[in-house]
Amino acid sequence: MKKNIKFIQGNEVCVEAALYAGLDFFAGYPITPSTEISEHLSKRLPEKGGKFLQMEDEIASLCAIIGASLTGCKVLTATSGPGFSLMQEALGYAIMAEIPCVIVNVQRGGPSTGNPTHVSQGDVNQARWGTHGDHAIIVLTASNHQDLFNITVDAFNLAETYRTPVILLFDEVIGHMREKLVMPEKGEIELVDRLRTSLGEGIDYHPYLPREDGRLPMSDFGGVHRYNVTGLFHDMWGFPSDNPQVVHGLIRHLVDKIENNVHQIARFKEFFMEDARTVLVSYGAAARSALHITKNRRARGERVGLLELQSLWPFPSHIVREKCASAQKVIVVEMNVGQILKEVKNAVDNPEKVFLANRVDGELITPTDIKSIMRLIHGKGV
Amino acid sequence: MAVKDYIRKRFFPHIWCPGCGHGIVLNNLLRAIEKLKLKKNEIVMTSGIGCSSRISGYVDFHTLHTIHGRALCFATGVKMNRPELKLIVPMGDGDALAIGGNHFIHAARRNIDITAIIMNNRIYGMTGGQFSPLSGYGTKGTTAPFMNIDHGFDVVELSKAAGATFVARTSTYHVKQMVDILADAIDHKGFSVVEIMSQCPTYFGRKNKLGGATDMMTFYKDHTTPVGSKEKKANPELIERGIFVHEDLPEYCNEYDKVIEMAKASLK
Ligand SMILES: Cc1ncc(C[n+]2csc(CCOP(=O)(O)OP(=O)(O)O)c2C)c(N)n1
Ligand code: SF4
């Protein structure tokens, strides 16, 4: 069969993948560098009978998709730093009420309005801890269009599997870059639908009573079962409770359902890692430059490898520890002041061998930048 | 179905103070639903945060208790995908018009088929008596110990200007009118707003020396007049109650169906 090959922007790949995953409903508010996602979906969703809403702000957008998800839709919103900041309270609501949804943050430079049209990876920790209270979250990223497609489909699958918001943390370079995409055929990537209750009408359904395996089957809101959903701590009926046992049980459930599954959720790629003495750890657009310099150094016989992270949270410490075990130097390549650096230091046996190669001036970190930093780290000067 | 069949008895007693107007709204809202002979499965109630917003816990409908000020946004997401359901969104005055003011005007502008009920007790009850955008100039609250210098919104004028296609006002004293108005509002296809002047004796009453709940309700009896009445001309201070706007204009979910048709046609 002839392959369906496209040459498109990263934001458009995200749209294609979301539709492939079964997206029904999108609500958003325009912001650079994510706006193309809204623009494309405003056309593509109604074409398939889905719905696109442009809301009055990002708070409204996330709230609207949460409402839509409850009714049984697969949902998405897309934004960038300032909008992602506005979404934090509703994000916590989706975590607390366990409502599947996917949120794209095409990162730009911050804080504040920052650097709207330039690249950054400054929202890594915000994605982890932006909303208040103890919680866990799934955050995925990608460095090229084929991966971006796969990881976007994955985001929907994980959201439905774990009944949780999943954040796709892209960046301006990936979002705006044009590159080849081979469109996967229908059925080529597995799609996950949420677990729905088998209880029929008239039978008492407890929305927050876990099955034996810990999962909570959903019932499409507005359908045959009536129940309550709240952002307050709640019991198995979804009714508010401040009973210490209920509160403790729910916090543990919300955190454990994700943290205990880090092995299933972890996504990564490795290049030239077998005998690597210097390991680059990178993700997103920075990983493109890291891959380039890795190949370049290998061609000169240097034992350099690249570990590319595609899931940032829950942080795949076990992977980083294992892959960096025999490295003499570990260099984290990212476009912030060292947000994943700290996690890598925590993960490895010897934090002293971990260094940072970064850029925070709104420009993409280049292979030459990384090369210079590597030379300095190895005591070779520039 | 009797009113008592619409409530979740298991979750009583409710959290409201003695004399609070919110319970009166609950009672008469259920009477309005009974009057319309709606089934429990046909109704979604979405609410935000506040004493008023707790109303959603007590009713045996599909209930979505959300975050402060954003109930209309969640309701929009539900309604777009289940347009056959009746969406009822009770809100406090702070919830609807301070933190939620932006969402309120935009929901009205879209004319999406949702019934917004503003339970206006002129104060932030849940957080202990701070002034709200409806307290009005010269009132007192725990954050206006001397005098509130913020002017209030006129909910009716605001809703009209924002594009709501059904706008009404009543009070906790006028319970028969409340039932009729709420039934009309729920029945209306489009964005409907019902302002119910309510009382918080615990904070607004006490801070402003207005007496107990009955005194506050008597105030509504004595200081309101049916919309368009002669008394209003003689005494402009009177607050009008009744239905101010009731018009049929294209509803948002129906409009979006047109977009879908156009999008599908464009593929052919
Ligand atoms: C984002 C956010 N800010 C502040 C609060 C605190 N808060 C809870 S209810 C409320 C106001 C309640 O007043 P109103 O909406 O008028 O309802 P009432 O309690 O009077 O019925 C406030 C400020 C909150 N829950 N969330
Ligand atoms: S504080 Fe006021 S609004 Fe809240 S329950 Fe008591 S009387 Fe009602």
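Author: A definition is needed at the outset: helices are DSSP runs of H or I with at least four residues, numbered from the N terminus. The model discussed here is predicted.

Reader: In which segment of chain B is B:Pro13 found?

Author: A cis peptide bond, with omega about 5°, joins B:Phe12 and B:Pro13. Most peptide bonds are trans. As for its place in the chain, B:Pro13 is found in the segment before helix 1 (22-35) of chain B.

Reader: What is omega for the peptide bond from A:Gly110 to A:Pro111?

Author: A:Pro111 is found in the loop between strand 5 (101-107) and helix 6 (124-129) of chain A. The bond from A:Gly110 to A:Pro111 is cis, and its omega is near 10°.

Reader: Is A:Ser112 buried or exposed?

Author: A:Ser112 is found in the loop between strand 5 and helix 6 of chain A. Its phi is near 60°, a positive value in a residue other than glycine. Exposed means over 50% relative accessible area. Because its relative accessibility is 63%, A:Ser112 counts as exposed.

Reader: What is the relative accessible area of B:Arg122?

Author: B:Arg122 lies in the loop between strand 4 (114-120) and strand 5 (123-124) of chain B. Although B:Arg122 is not a glycine, it has a positive phi of about 60°. The residue is partly exposed, with a relative accessible area of 25%.

Reader: Which element gives the most residues to the shell around ligand 1?

Author: Ligand 1 lies between chains A and B, and 18 residues surround it. Among the closest are B:His22, B:Cys51 and B:Asp95. Helix 4 (93-97) and strand 5 of chain B each supply at least two residues of the shell. The most, three residues, come from helix 4 of chain B.

Reader: How many charged residues does the shell around ligand 1 have?

Author: Sorted by class, the shell around ligand 1 has six nonpolar and nine polar residues. The charged residues of this shell number three.

Reader: What percentage of the accessible area of ligand 1 does the protein cover?

Author: An oxygen atom of ligand 1 is 3.2 Å from an N or O atom in the side chain of B:Asp93, and an oxygen atom of the ligand is 3.0 Å from such an atom in the side chain of B:Asn121. A polar backbone atom of B:Gly125 is 2.8 Å from an oxygen atom of ligand 1. On its own, ligand 1 has 590 Å² of accessible area, of which the protein covers 77%.

Terms used: Residues numbered from 1 in each chain as written. Chains lettered and ligands numbered in written order. Predicted model: local features only at pLDDT ≥ 70, side-chain atom pairs only at ≥ 80, totals over all residues. Heavy atoms only, no water. Buried < 20%, exposed > 50% of the residue type's maximum accessible area, 1.4 Å probe, protein only. Near = heavy atom within 4 Å. Polar contact = N/O pair within 3.5 Å; in protein donor to acceptor, adjacent residues only side chain to side chain. Areas by Shrake-Rupley, 256 points an atom, 1.4 Å probe, with all protein chains shown as cover. Nonpolar A, V, L, I, M, F, W, Y, C, P; charged D, E, K, R; others polar.
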